[in-house]
Amino acid sequence: MYVAVKGGEAAIANAHRLLASRRRGDATVPGLTLEQIAGQLSLAVDRVMGEGSLYDPELAALAIKQARGDLIEAVFLLRAYRTTLPRFGHSEPVDTGEMLVERRISAVYKDLPGGQLLGPTFDYTHRLLDPELAGDPPLDAPETAADTGERVIRVSDILGDEGLIEDDPATDISRPVADITRTPMEFPMERDARLQTLARGDEGFLLALAYSTQRGYARSHPFAGEIRIGEVDVEVMIPELGFAIVIGRVKLTECQMVNQFKGSAKAPPQFTRGYGLVFGQAERKAMAMSLCDRALRASELGEDITAPAQDEEFVLSHCDNVQSTGFVEHLKLPHYVDFQAELDLVRRMRAEHFAKAADDAATDVAKEAAE
Amino acid sequence: MTGAGHQRDPRAAAADGGGMAGRQRRLSVLAKAPAEDLLARWKQTGLDPSVELLRGPESGLVALRGRIGGSGQPFHVGEVSATRVTVRIGSGEVGHAMISGRDVCKAQLVAVIDALAQDPAHAEMIERDIVAPLEQGLAEADAKLRGETAATRVNFFTMVRGED
């Protein structure tokens, strides 16, 4: 247990002053601007927005700068900031089918309406460091091609036929939407609360769990049905006006994972689906989220719960990196009183242990002598 | 933009003279437009009404909703920063604005333009000199992105197997 201590004010003030100086680094090198961070480290900004659960690229860039590039610390800063703001309300559900698509790929259909659009991807790069980037070499402008105007239809909307793939859950408009920022977690959780928790979950943790399902711990035979990245309009109902308006756009990554399912007492053999939706360009996170979402549907689909990725209390209680870091890192705060008490206890136990050993030895010697 | 599915409030519709769809489009275009483009267009009009702040400007959060599986039950993806403001201009019209982000000046300008556009004396000018060009600018930016994306489209070929 942590016990409050006094003192150390001067040391703390000096440590923070030192931190500010170390954060800035060599003062002869120009300081980073938020535009540079948001523009050139944009995937770090996206990750901080997603796990910080606050879409605001400028604030996320500031958090990264202040945290010296420690992304979990930056997430923490963003989460702390959001608690100071009032909640105006909620958006209408975004329509990812109307996304201004920047990338869309499917691993299940070669030819699909709208095509396979690679967009700005690391895929098919050779992962060789480029020494030229040590400078600021001039770049060719992106190649352009005529836009066919073809609608980029979601794979889930194509696959619906024949009942081979499960439908989206039926919509009940009157049902309140779960919000883990307002209501403490309670298990078992509904899928809306699970998805909200996963959307802000730590990418590394979810990635590892997703990988575990591929290696056989709750194998779910997944295919990347579709991944799409792009901007969607955010519509909000304005009570004074009596109608919804678009207040801006956000970039999202959506992943539809399609999973072979042999059927159970609850559902016939079909393809089931896991879903991922994350702020910004965050493909790995969206894929991991969709695999975890599918694994966590085990009881809904009548599957045996045998693996960590299927255990919702395990996954959802530990995927938040702000909570995790808070509890792990609190161990470095002063525990002096606590430790003193433990020291006394261990000394006493050791004294009893050795006294008993000496006693037993004496008894044995006495026994042997008697024999 | 989609939004036709929302319930109309008859009082609100009556209050702006039945121009609900127009106002919805206008506020949406202004919210999506880059702040510097909006300010440049505004300055060119030379309009300068007296403005009284009725509420805000205030920054806060909007909970962003998605749908399970893309089209199922709604769920919360996270929150988006937003700024809202309500103004009254000298001629008495009230304007509202809500934009994503924390740009207080932009939000206020959107609300002022919303108020002015309800005055028939200014409506045409605002449409011609502010809303229409901004909407075109947004469409051009989208078209540029679509063109760049289209160049990365994979074209598959079926390989001839050389059996005949």
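Q: What makes two strands a pair here, and what counts as a strand?
A: Two strands pair if DSSP finds at least two bridges between them. Strands (E, at least two residues) and helices (H or I, at least four) are DSSP runs, numbered from the N terminus. This is a predicted model, where local features need pLDDT of at least 70, side-chain atom pairs count only at pLDDT 80 or more, and totals for chains, interfaces and linings use all residues. Residues are numbered from 1 along each chain as its sequence is written, chains are lettered from A and ligands numbered from 1 in the order written, and side-chain values use heavy atoms, without hydrogens or water.

Q: What makes β2(B) and β3(B) a pair?
A: Strand β3 (residues 94-100) of chain B joins β2(B) over 7 bridges, antiparallel. B:Arg88 stands opposite B:Val94. These strands form a hairpin with 4 residues between them, and B:Gly92 in the turn has a positive phi of about 105°.

Q: How do you know that β1 of chain A pairs with β2(B)?
A: There are 2 bridges between β1 (residues 54-55) of chain A and β2(B). That meets the cut-off of at least two, so they pair. They run parallel, and A:Leu54 stands opposite B:Glu79.

Q: Why is β2(B) called largely enclosed?
A: Buried means under 20% relative accessible area (exposed is over 50%, partly exposed in between; 1.4 Å probe, protein chains only). In β2 (residues 74-89) of chain B, 15 of the 16 residues are buried, so the rest of the structure largely encloses this strand.

Q: What makes a nonpolar core, and which residues touch the most other members of the largest one?
A: A core is a set of buried Ala, Val, Leu, Ile, Met, Phe, Trp, Tyr and Cys residues joined through side-chain atoms within 4.5 Å. The largest has 101 residues, and A:Leu252 and B:Leu64 touch the most other members. Helix α4 (residues 104-117) of chain B gives the largest share, 9 residues.

Q: How confident is the predictor in chain B, and where does pLDDT stay under 50?
A: pLDDT is the predictor's confidence in each residue, from 0 to 100. Chain B has a mean of 88, and 84% of its residues reach 70 or more. Over residues 1-18 of chain B, pLDDT stays under 50.

Key. Contact means heavy atoms within 4.5 Å.
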